[in-house]
Amino acid sequence: MNYYLFAAYALVWTALFIYIFALHRKQEAIEKKLKDLAEK
Amino acid sequence: MSSGLQAAIAILKKDLLLEFRGKEGFLSNLFFGLMVLLLFTFAFDPSSEALRQGKAAIFWIAVAFASVLTLNRTFQRESADRAIDALALLPVDPAWIFLGKFLGNLALITLLMLLIFPLFMVFFNLTVTSRFWLLSAVCLLTALGLSCVGTLFAAMAESSRLREVVLSIMMYPITIPVLIAAVQLTQQAIKLTGEIENWHWLTLLLIFDAIFLAAALVIFDYVLGE
Amino acid sequence: MRAMLLVLLYPAMLFALYCAFILAPPEREMGEVQRIFYFHISAAWLCMLAFFILFLFSVVYLLTGNRTYDVWASSSAEIGVIFASLVLITGPLWAKPVWNTWWTWDPRLTTFLILWLIYVAYLLLRANMPESDKKYKLSAVFGILGFIDVPIVFMSIRWWRTIHPVVITSTGMNLDPDMKAAMFVALAAFTLFYVILMLLRMGQKKLDYEISLRLGGL
């Protein structure tokens, strides 16, 4: 039973983590864009 | 007399004069308070035990609602012609401006309590007893706490959108200790028999008032002006 | 640095879940439902941390007037409110099977609820103000006053409740070593989570500010 629960929560956490990681990637992209713009 | 004190007195006089001349604002608040009192009486069965025990709470809820409306007007008056900027330019410590505004609100809220109380007495069948002085002390200390926090927050809410809502959202959670203490003490004060217990609530009221009055006087400098 | 911490966070939280669900033994009296504690307490700890940092940086902002500190304070407030909501959700979930009630007006619970209300008010105040130095100043003032208010609220609720019989008293638990380990792992993972969320949110606010500057300059 606990293994199922662990697996379920691990799945939830993975989904949440992917979301946060995507946010991080997006932010990095914008940071880079702004930097390029500042150099121009 | 120091110029700061003069400024505070001038602000106090001006606010009270404005309230006295334009009675409709204060009267509307008073009526709102009485309405709340009445609505709560209809929420309970008149002879029920719940009503007997909840009397004090009903009075304080009515006062709390009515006083927020009063507090809302404190700085609304000033923002009309951007008079607030002129106030901020006064060459005195902003704490004095706070003091003037705060004393005005204290007077108005005390008056609200004084006017709501007789009706409360009639509807809930209270008898005037020797504990009247305790009741007066509680009312004064609670009015002090409410108007101190309220004046500061009204100044803050003035520069936000939806200022009425913002003021109540900020004020109620912070003043919960005051309201609990007021209800507890009032329950003691309107009882006819039995010992008065829970004196520590008076201490709590005093501590709250002292802390927030000191904090407001120090911090008002940041609230006023740009 | 953010990327590195993120890579660290994923296994850390998985490990915390593993410890909570599998490593730690079930509690003798409460049974399996006690496992929610590892996350409930961690979230509560994060709230305290977040609100303390909010208070600290509010004071620093008022003293220095440097906008960066407002970014620290407001980011911390947002994260703190999220975790406070988590505490308020996980608490009743645990209380219903164990205390047989969703909620009691116990001092700690009530104070926490009011704490939550105060910081939601902080966020609402911010949301209702146009972007300006005034907004930062006023929210710093509210952040400080809210923090000062919390001990007074706690005191008053404790007195308020002693008038009525106390139904539930909290007793100290003798923790099994595995339970202790699970608790520490969860606390560490959540703290790391907080640090990362802070970095992300502060980065976002900085970007927001830079972009608005750029747009204003055009």
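I began with a salt bridge: the side chains of Arg2(C) and Glu31(A) meet at 3.7 Å, N to O. The term asks for a side-chain nitrogen of Lys or Arg within 4 Å of a carboxyl oxygen of Asp or Glu. I found the count between chain A and chain C to be one.

Before going on, I noted that this is a predicted model, where local features need pLDDT of at least 70, side-chain atom pairs count only at pLDDT 80 or more, and totals for chains, interfaces and linings use all residues. Residues are numbered from 1 along each chain as its sequence is written, chains are lettered from A and ligands numbered from 1 in the order written, and side-chain values use heavy atoms, without hydrogens and water.

Next I looked up the interface. 21 residues of chain A are in contact with 23 residues of chain C (heavy atoms within 4.5 Å). The two chains bury about 2100 Å² between them, with 75% from carbon and sulfur atoms; this is accessible area (1.4 Å probe) lost on being put together, summed over both. On the chain A side, Phe6(A), Trp13(A) and Gln27(A) lose the most area to chain C, together 31% of what that side buries.

Then I turned to chain C itself. How many helices and strands does chain C have? I read six helices and zero strands (DSSP runs: H or I of at least four residues, E of at least two, numbered from the N terminus). The C-alpha trace of chain C spans about 65 × 45 × 25 Å along its principal axes.
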